[in-house]
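Biologist: I am new to reading protein models. Could you walk me through this one, question by question?

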Amino acid sequence: MGDDLSLSDYTAGELAKLGLLTARMAKRGIAGMDVDLSDLQRKAERIEDQARRRKHKP
């Protein structure tokens with residue numbers, strides 16, 4: 001699949017947001033295995049989708 005993203009495909013702001021979301025997921029992960037992470041995962045996926053659209057824009 002040609003949808004692979006590299007770090008250079010993200011803006012500095014997107015990388016910062018992804019870093020914060022990852023930290024929040026890790027913090028929730030410490031609380032236990034049954035903690036819901038889906039809201040943070042959706043936010044991260046939206047950022048990835050935005051970068052993917054920008055990369056493939058004609």
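Predicted model: local features only at pLDDT ≥ 70, side-chain atom pairs only at ≥ 80, totals over all residues.

Biologist: Which residues make up the largest nonpolar core?

Modeller: A nonpolar core is a set of buried Ala, Val, Leu, Ile, Met, Phe, Trp, Tyr and Cys residues joined through side-chain atoms within 4.5 Å. Buried means under 20% relative accessible area, exposed means over 50%, and partly exposed lies in between (1.4 Å probe, protein chains only). In this model the largest such core has eight residues: Y10, L18, L21, M25, L40, A44, I47 and A51.

Biologist: Which helix gives the most to this core?

Modeller: Helices are DSSP runs (H or I, at least four residues), numbered from the N terminus. Both α1 and α2 supply at least two residues of the core. The one that gives the most, with four residues, is α2.

Biologist: How many salt bridges does a search of the whole structure find?

Modeller: A salt bridge needs a side-chain nitrogen of Lys or Arg within 4 Å of a carboxyl oxygen of Asp or Glu. Searching the whole structure with that rule, the number found is four.

Biologist: What does D9 form a salt bridge with, and how far apart in the chain is that pair?

Modeller: The partner of D9 is K55, and their closest N and O atoms are 3.4 Å apart. This pair links distant parts of the chain, with D9 in the segment before α1, K55 in helix α2, and a separation of 46 residues.

Biologist: Which parts does the salt bridge between E14 and R54 tie together?

Modeller: The closest N and O atoms of E14 and R54 are 2.6 Å apart. Because E14 lies in helix α1 and R54 in helix α2, the pair ties together parts that are 40 residues apart in sequence. With a relative accessible area of 34%, R54 is partly exposed, while E14, at 6%, is buried. The parts joined are therefore helix α1 and helix α2.

Biologist: Where do D49 and R52 lie?

Modeller: D49 forms a salt bridge with R52, and the closest N and O atoms are 3.0 Å apart. D49 is partly exposed at 34% relative accessibility, and R52 is partly exposed at 23%. The two are three residues apart, about one turn of the helix, and both lie in helix α2.

Biologist: Which residues gather in the patch of positive charge on the surface?

Modeller: Patches are made of residues with over 30% relative accessible area and no salt bridge, with like charges joined within 9 Å. Lys and Arg count as positive. Here α1 (12–31) and α2 (38–55) each supply at least two residues, with α2 giving the most, three. The patch consists of R24, K27, R42, K43 and R46.

Biologist: Is R46 buried or exposed?

Modeller: R46 is found in helix α2. Its relative accessibility is 52%, so R46 counts as exposed.

Biologist: What distance separates the C-alpha atoms of L5 and E48?

Modeller: L5 lies in the segment before α1 and is partly exposed at 24% relative accessibility. L5 and E48 are 43 residues apart along the chain, and their C-alpha atoms are separated by 8.2 Å.

Biologist: How far apart in space are A23 and D4, C-alpha to C-alpha?

Modeller: A23 is found in helix α1 and is partly exposed, with a relative accessible area of 43%. A23 and D4 are 19 residues apart in sequence, and the C-alpha to C-alpha distance is 23 Å.

Note on methods. Residues numbered from 1 in each chain as written. Heavy atoms only, no water. Patch = residues over 30% accessible without salt bridge, like charges linked within 9 Å, V, L, I, M, F, W, Y side chains within 5 Å. Areas by Shrake-Rupley, 256 points an atom, 1.4 Å probe, with all protein chains shown as cover. Charge placed at Lys NZ, Arg CZ, Asp CG, Glu CD.
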